[in-house]
Amino acid sequence: MNVATTSHDAASGVKPVRIGMFGLGTVGGGVAKLLLSRRDIISREIGRPIELTKVVVRDLHRTREVEVPAELLSTDPDAILEDPTIDIVVEVMGGIRPAGEWLRRAIRAGKHIVTANKDLMATEGVELLRLAAEHGVDISYEASVGGGIPLIGVFRQDLVANEVQSVHAIINGTTNYILTRMAQDGADYLPALAEAQALGYAEADPTNDVEAIDATYKLAILASLAFRTHVPPPQIFREGITKLRAIDFRMARELGYVIKLVAIGRRHKGADGTADSIELRVHPTLLPKHVLLAGVNGVYNAVHVQGDLVGDVLLYGRGAGSGPTSSSVVSDIIDIAHNVNAGVSNRVPFRVTDNLPLLAIDDVQSRYYVHLWVADQPGVLAQIAQVFGDHGISIASCIQKETDAKAGTAELVIVTHGAREAGMRDALHQFETLSAVRDLGSVLRIETP
Ligand SMILES: NC(=O)c1ccc[n+]([C@@H]2O[C@H](COP(=O)([O-])OP(=O)(O)OC[C@H]3O[C@@H](n4cnc5c(N)ncnc54)[C@H](OP(=O)(O)O)[C@@H]3O)[C@@H](O)[C@H]2O)c1
């Protein structure tokens, strides 16, 4: 696409809002396309001309989907950072370094920031927000979680009167696509991953997505907004989807559940005047098929929030891609431009004030689905029930599936009532020592948002 640029400011005499952008990839390309092709509409919206002044990339000669005038491109970050006329820096290059350092320099130079960078905001966001407040500039990062879904603004403004009780989120489109294929086609993990890679939904190295690392970054950002508490992503319990098997999906369906990678944040009320705490975890989860999140399929994302006043809110949409993400980035730019026009900054200050303690994963309670093969002989069920009982776990239901007469084994699916994670872990260790337990299949947590 070739878009001609015109000099509105010269014509109107009004000082334009000038944008400098780091990155011109999937997101940056979408943002540039919008800023250039909808320049007049955006300018009308903010009441001043908007101008994409400079775009910094790694490789000036790369072929790009959006054709940006050559004179706008540079490989030198100082072309943005040292240009006093640039009002807003858009960071859509990703990674923590050098992005973090460049944004700190931009903030100190009095420039407002729009970023889509979840890694950076999850790890250094609190510090960047503090620095921005000190320098009287804004940081907006709507695109960092949930792509095009309005989330950050919803927490910062629309739900701010609430005490958020819980957040349940499907916030990784790659894994949701893979799990949807596994559920719908009965596919195993590896073929479903290969299909996602062929369609461009999963990267060649899918580790960040399938090991739930990406989702912990996003949950860290959501938790800072929902519970006003900063938790470094490595402290968030996570389990990926790589060990799920086709049989788990069949069993889940028979039991009335679907399997999703769910990021969970929950507030625990302190009893007798003790402080509240929060639990944060990301793992494959059995959701009853009637709950709202259970119907979120393919690359779609959704966040189910429970607030003490508002009750249930579901935010649903496309979590990635050039269009949805640039929608969020450009909305942030317009919002900041309104602030610049009004001569205000930090109009909606965001502070991580509460710093609630994080509940240790050992103390988290949940219901479990346990799938195992045992010796097909009398007394085995009693042994299993005894081990669970010894660890304070009570069985809600137990179904005996197939028996394999040749191997002398029976397949069991057990659903428990709520139990402590530590108790379940110890019970599973004990199963490994029982000769009657021939194979411990999957153990999955069950959640009803
Ligand atoms: N893709 C999505 O759907 C999506 C959704 C939500 C959030 N995000 C976030 O948005 C950000 C950008 O993602 P993306 O998918 O657009 O990435 P991308 O397609 O890989 O593009 C990255 C861009 O940044 C430039 N870049 C990278 N390192 C640079 C450096 N050191 N100096 C100068 N330029 C550099 C690259 O330049 P060259 O083009 O010259 O290589 C490229 O244009 C990331 O933080 C990502 O997490 C992405």
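The axes of helix H2 (residues 26-37) and H13 come within 8 Å and cross at roughly 60°, where axes are lines fitted to C-alpha atoms, for helices over the stretch in contact, and angles run from 0 to 180 degrees between N-to-C directions. Helices (H or I, at least four residues) and strands (E, at least two) are DSSP runs, numbered from the N terminus. That angle makes H2 oblique to H13, because angles under 35 degrees count as roughly parallel, over 145 as roughly antiparallel, 65 to 115 as roughly perpendicular and the rest as oblique. On the H2 side the contact is made by Thr26, Val27, Gly29, Gly30, Val31, Leu34 and Leu35, and on the H13 side by Ser322, Gly323, Thr325, Ser326, Val329 and Val330; two residues are in contact if their C-beta atoms, placed from the backbone, lie within 7 Å.

This is a predicted model, in which local features need pLDDT of at least 70 and side-chain atom pairs count only at pLDDT 80 or more, while totals for chains, interfaces and linings use all residues. Residues are numbered from 1 along each chain as its sequence is written.

Leaving aside neighbours within four places in sequence, valine 329 is in contact with Val27, Val31, Val90, Val92, Val114, Ala116 and Ala143.

Threonine 353, by contrast, lies in the loop between helix H13 (322-342) and strand E13 (365-375). Threonine 353 is exposed because 7 other C-beta atoms lie within 10 Å, the category being set at 12 or fewer, with buried at 20 or more and partly exposed in between, C-beta atoms being placed from the backbone. The C-alpha atoms of threonine 353 and serine 224, 129 residues apart along the chain, are separated by 9.2 Å.
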